Amino acid sequence: MQEYDYIVVGAGSAGSVLANRLTADGEARVLLLEAGGKDDSILVKMPAGAYSLIGGKGRYNWGFWSEPEPHLDGRRVFFPRGKGLGGSSSINGMIYIRGHARDYDQWRQMGLAGWSYADVLPYFKRAETLLGEGDDAFHGRDGPLCVSRAVSPHGIYDAFIEAGGQAGHEITSDFNGARQDGFGRYHLTIRDGQRWSAARGYLRPIAGRRPTLTIRTGARTTRVVIEKGRVVGVEYVVGSSNSRRVAYARAEVILSAGAVQTPHILQLSGVGDPEELRAAGVGVTHELKGVGKNLQDHIAVRLGWEVPGMDTAYTYARGLAKLRTGLDYLVRGQGPGRQNFLEAGAFLRTRPEIDRPDVQLNCVLAIVQLAGDKTIRDGFSISLCGLNPESRGTITLKSADPFADPVIRGNYLSAPRDLRVMLDAIAQVREVAAQPALRSISRVEMNPGSDIRSEADLKAWIRRTASSQYHPVGTCSMGSRDDGRAVVDERLKVFGLEGLRVADASIMPTLVGGNTNAPSIMIGEKAADLVLGRTPPAAATSPRKRSAVPA
């Protein structure tokens, strides 16, 4: 019989952390199950490879699609999710953003003790090594996750930031520091031109070196095993065989399969909304109506401009130039393959009275189309998304078949406020693009085009082109037991079931203001302390009282 102290399902951003931290003292035996394979492709290592990895279903990408979205002209929305060691941290754009401090203070105000900004900041710092810096009020220098400042000399990034200042916005040197608002360069999970995923930071140094850790790839979890109200293990299938195996956990099972697959596994186990389970042909084991509810995601549109005479990611990614880029990186570790082509951004407020930025801009070094972020011509794009969507979607079962993709309904733009934010943000972006710094290098607005100006035309363009920014959260939300949408408490324990926790982006009750990889890693760090019963690090004390909270 396979028996361990802990079983962690999913070797992504949070699961990799848990596997490392739970085995650090050499006492607990841990099984880490990952449905995908090893992260050994040059495309994973090379930052520029992200555009190939995220573009479609494949070895490293589950490549899900949503159901037809009623508020996006009935289009299906591409839903990439990482597959393999590192999960989505092995295919993402490598932007390191924690979100706004008030995002976490809002969680605390919802009654979630231990999740304020002051509570979680020490976990962000514990995880991080900010290369060449760190060890200050906001950053660490001893963590497994290597973070660096964007340093590409490409003029488009500088022009974008300068144009933001010319339009009256602030310039910030650190989106993860004292103030998030403004234009600036990103921090990136890149070290020496190589992607630094959660697997690279947390698993690679210990794989095969800790006898108490078993990492099993190609192992797809089909359900958790429940006996008398307690989760005692998991059932999984290895490789292409259809034979089921069961592993048992003496202490706990921790689901870290992500905001899509964690609720899917629970539902396959008979845990969820009884009506939905029966409709899919699954017997009800434990009623918990919040499973798969409360899905939130950032939805984005991309405005694009031509830049005559300037090479961008499109040039580097086609024909002989693509081959040359790959060879230069493979042989010498040099060239444009070291870049993620997305090194600058901004956080803006569409209304002065709100308490935090409600829009994020990304400056992309190419004109791109949304499904899979494929570059389509030289130029630059400014991608914008609303950070605090009011729209809510669901993850449900298609059938009792564990190998059938889950049913994803993002329900994007169902809340009128979300569309209003995007319209207001487009006006801000166009104002930035009209400033001298960008006007001096750009020519024609390709997307949506200078002829699309009226609110009606812009709404139609948004519905025609908007798509996911790949930040799904909330489908096993933290909350109180009497909250119909909640699945776990503030200690990440699943309501009504012993021996089971969830630790990944699905536990976020609301979306954070930014990319979700860094917060997922933080969740893994905090979850390890919760599981082991360790005293959390001392809550952060801001150097200038509330000035430590990005304003």
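Q: Why does F175 count as buried?
A: Buried means under 20% relative accessible area, exposed means over 50%, and partly exposed lies in between (1.4 Å probe, protein chains only). F175 has 2% relative accessibility, so F175 counts as buried. This is a predicted model, in which local features need pLDDT of at least 70 and side-chain atom pairs count only at pLDDT 80 or more, while totals for chains, interfaces and linings use all residues. Residues are numbered from 1 along each chain as its sequence is written, and side-chain values use heavy atoms, leaving out hydrogens and water.

Q: What makes the aromatic pair of F175 and F347 edge-to-face?
A: Rings of Phe, Tyr and Trp (its six-membered ring) pair if their centres lie within 6.5 Å; planes under 30 degrees apart count as stacked, over 60 as edge-to-face and the rest as tilted. The rings of F175 and F347 are 5.0 Å apart, centre to centre, with 65° between the planes, and the pair is therefore edge-to-face. The structure holds 10 aromatic pairs.

Q: Why does the pair of F175 and F347 tie together parts of the structure?
A: Helices (H or I, at least four residues) and strands (E, at least two) are DSSP runs, numbered from the N terminus. F175 lies in the loop between α6 (155-166) and β8 (182-185), and F347 lies in strand β19 (residues 344-348), so the pair ties together parts that are 172 residues apart in sequence. F347 also counts as buried, because its relative accessibility is 0%.

Q: Why is β19 described as largely enclosed?
A: Five of the five residues of β19 are buried, so the strand is largely enclosed by the rest of the structure. A344, A346 and L348 point one way, while G345 and F347 point the other way.

Q: What makes β8 and β20 partners of β19?
A: Two strands pair if DSSP finds at least two bridges between them. Four bridges join β8 to β19, and these strands run antiparallel. Strand β20 (residues 359-364) is joined to β19 by five bridges, also in the antiparallel sense. Among the bridge partners are G184 with G345 and L348 with V359.

Q: Why are β5 and β6 called edge strands?
A: An open sheet of four strands has the order β5-β9-β7-β6, with mixed pairing. β5 (95-96) and β6 (128-130) are its edge strands: each pairs on one side only. Three bridges join β6 to strand β7 (residues 145-149), and the two run parallel.

Q: What is the position of the charged end of R191 relative to W196?
A: A charge sits over a ring if NZ of Lys or CZ of Arg is within 6 Å of the ring centre and within 35 degrees of the ring normal. The charged end of R191 sits over the ring of W196, 5.6 Å from its centre. K526 likewise lies over the face of W115, at 5.1 Å from the ring centre. Ring pairs link W115 with Y104, W107 and F124 into a cluster.

Q: Which residues is T212 in contact with, leaving aside its neighbours within four places in sequence?
A: Contact means heavy atoms within 4.5 Å. T212 is in contact with T23, G26, A28, R29 and V30. T212 has 12% relative accessibility and therefore counts as buried.

Q: What makes α1 mostly covered?
A: In α1, 10 of its 10 residues are buried; among them are V17 and L18.
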